Amino acid sequence: TTAQQLAFTDPTWNAVLKNLCFKKLQMIIAELTDNERLLIRRYFFEKRTMKQIGEEFGISKMAISKQLKKLLSQMRRLMET
C-alpha cells in the first residue's frame with residue numbers, strides 16, 4: 001500500500017494528521033492580531049452577521065467581507081506550507 005492509501009484507511013494515521021493540522025492552526029491563530037482573532041470569533045463561533053460585526057468595528061459589512069476573505073486566504077496559504 002502507498003502512504004496515501006494508508007492515510008485514508010488507518011485511523012491512527014488520520015488521528016495523527018488531524019492533530020498536526022490542529023496544532024498548526026493554533027500556531028497560525030496565535031500570530032493573528034487581536035482584531036483578526038475577534039473577527040474570526042464573531043463570525044464563525046458567535047455566528048454574527050457581517051453587518052453586525054461591521055457595526056461593532058465601525059466599518060461597512062463590505063469591509064468586513066474583504067478583511068475576512070483576505071484573512072482566510074492568508075490562513076489557508078499558511079496551512080499549506
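Phe 44 is partly exposed at 34% relative accessibility. The class runs between buried (under 20% relative accessible area) and exposed (over 50%), using a 1.4 Å probe and protein chains only. Tyr 43 is also partly exposed, with a relative accessible area of 28%.

This is a predicted model: local features need pLDDT of at least 70, side-chain atom pairs count only at pLDDT 80 or more, and totals for chains, interfaces and linings use all residues. Residues are numbered from 1 along each chain as its sequence is written, and side-chain values use heavy atoms, leaving out hydrogens and water.

Rings of Phe, Tyr and Trp (its six-membered ring) pair if their centres lie within 6.5 Å; planes under 30 degrees apart are stacked, over 60 edge-to-face, and the rest tilted. The count by this rule is one aromatic pair. Tyr 43 and Phe 44 form that pair, edge-to-face, at 5.0 Å centre to centre and 90° between the planes.

## Confidence

Mean pLDDT (the predictor's confidence in each residue, from 0 to 100) is 91 for the chain, and 90% of residues reach 70 or more. Among the elements, helix α1 (residues 3-9) has the lowest mean, 63. Helix α4 (residues 50-57) has the highest, 97. Helices are DSSP runs (H or I, at least four residues), numbered from the N terminus. Where pLDDT is low, predicted coordinates should not be read in detail.

## The nonpolar core

A nonpolar core is a set of buried Ala, Val, Leu, Ile, Met, Phe, Trp, Tyr and Cys residues joined through side-chain atoms within 4.5 Å. The largest one has nine residues: Ile 28, Leu 32, Leu 39, Ile 40, Ile 53, Ile 64, Leu 68, Leu 71 and Met 75. The largest share, four residues, comes from α5.

Contact means heavy atoms within 4.5 Å. Leaving aside residues up to four places away in sequence, Ile 40 touches Leu 32, Phe 45, Leu 71 and Met 75.

## Arg 42

Arg 42 sits in helix α3. Arg 42 counts as buried, at 13% relative accessibility.

Ile 64, Leu 68, Leu 71 and Met 75 are buried in α5. They cover an arc of only 70° around the axis (directions from the axis to the C-beta atoms), so they lie on the same side of α5. Their cover includes α2 (11-30), α3 and α4. On the other side, Met 62, Lys 66, Lys 69, Lys 70, Arg 76 and Glu 80 are exposed.

How values were computed. Helices (H or I, at least four residues) and strands (E, at least two) are DSSP runs, numbered from the N terminus.
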